[in-house]
Amino acid sequence: GVAATEYTLTYSSDQNRAKTNVRIAGTETRNYTYTSSTKFKLIGTAVGTASGQAITIDYTVGASLPAPAYVRAIALDPSTPTTIYAAILGKGVYKSTNEGISWQWISQGMSNLNIISLVATSSTTLYAGTMGGGLFRTTTANAASPSWSSLANLQAGIINSIAVDPLVVVNNADDRVYVGSALGGVYYSSDGGATWQSPTTNVNNTLNSTAQNTFVTDIVIDPS
């Protein structure tokens with residue numbers, strides 16, 4: 001019968017009913033209870049009302065990305081793929097913990113919000129490159145309000161791309177980080193951004209050996 005029927009949610013619930021709207025023949029009801037994070041069943045008067053009626057579920061979406069949102073980069077939490085980070089030019093870093101249904105601004109303390117590159121190395125560590133403000137890092141990305149620090153030793157203002165060697169990500173201090181900059185070539189750090197070296201003074205243009213191009217737009221690391 002209706003009382004024993006479990007209904008499945010498309011999106012996992014955090015037990016906050018404001019986010020899940022259950023309707024009987026189009027009319028919302030609060031007479032239901034969760035049996036797990038992804039299932040619920042009707043209770044009380046809803047059981048009789050629902051007999052022979054259509055049960056539908058919709059969701060109240062939380063805060064969305066600001067409009068217009070010029071998304072320059074996206075990063076996934078490597079441990080929790082439902083957690084997504086978005087770099088919004090001029091508006092900072094936003095975080096979603098529900099696959100992009102809702103978003104939270106997490107750029108408190110960042111002195112430059114022109115984010116153009118983003119990499120997550122763990123559930124706690126996130127690197128954000130800016131247009132004109134260098135590189136920022138947080139090691140509290142899983143907190144409600146992550147704290148950010150500027151990696152000021154990097155002598156490059158525009159960080160077009162970031163890559164972290166997957167073979168040496170042991171902890172924050174051991175991150176081997178590469179960044180591609182505008183007019184500065186490629187820089188790398190073997191200590192999580194505390195110090196930096198430039199492995200290239202330039203990136204030569206193979207079509208013209210006399211030309212030099214130091215505007216690096218992307219970096220890819222051989223995983224092996």
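In strand E5, Lys-39 is the residue that stands opposite Ser-36. The structure is a predicted model, in which local features need pLDDT of at least 70 and side-chain atom pairs count only at pLDDT 80 or more, while totals for chains, interfaces and linings use all residues. Residues are numbered from 1 along each chain as its sequence is written, and side-chain values use heavy atoms, with hydrogens and water left out.

The facing pair belongs to the contact between E4 and strand E5 (residues 39-42), which pair in the antiparallel sense over four bridges. Here, a strand is a DSSP run of type E with at least two residues, numbered from the N terminus, and two strands pair if DSSP finds at least two bridges between them. Strands of a sheet pair through backbone hydrogen bonds, either parallel or antiparallel. The order E1-E5-E4 describes an open sheet of three strands with antiparallel pairing. Its edges are strand E1 (7-8) and strand E4 (32-36), each of which pairs on one side only.

A further open sheet of three strands runs in the order E15-E16-E17, and its pairing is antiparallel. Strand E15 (159-164) and strand E17 (186-189) stand at the edges; each has a single partner strand, so one side of each is left without a neighbour in the sheet. From one strand to the next, the twist averages 20 degrees; the angles run from 0 to 180 degrees between N-to-C directions, with axes taken as lines fitted to C-alpha atoms. E15 and strand E16 (residues 177-181) pair in the antiparallel sense over five bridges. Within this sheet, Ala-163 stands opposite Tyr-178 in E16.

The description now turns to charged side chains. Side chains of opposite charge can pair when their charged atoms come close. A search of the whole structure finds two salt bridges, a salt bridge being a side-chain nitrogen of Lys or Arg within 4 Å of a carboxyl oxygen of Asp or Glu.

One of them joins the side chains of Arg-23 and Asp-58, at 2.6 Å from N to O. This pair links distant parts of the chain, with Arg-23 in strand E2 (residues 20-24) and Asp-58 in strand E6 (residues 55-59), 35 residues apart. Arg-23 has a relative accessible area of 23% and is therefore partly exposed; this class lies between buried, under 20%, and exposed, over 50%, using a 1.4 Å probe and protein chains only. Asp-58, at 27% relative accessibility, also counts as partly exposed.

Glu-28 forms a salt bridge with Arg-30, and their closest N and O atoms are 3.2 Å apart. Glu-28 is partly exposed at 36% relative accessibility, and Arg-30 is partly exposed with a relative accessible area of 43%.
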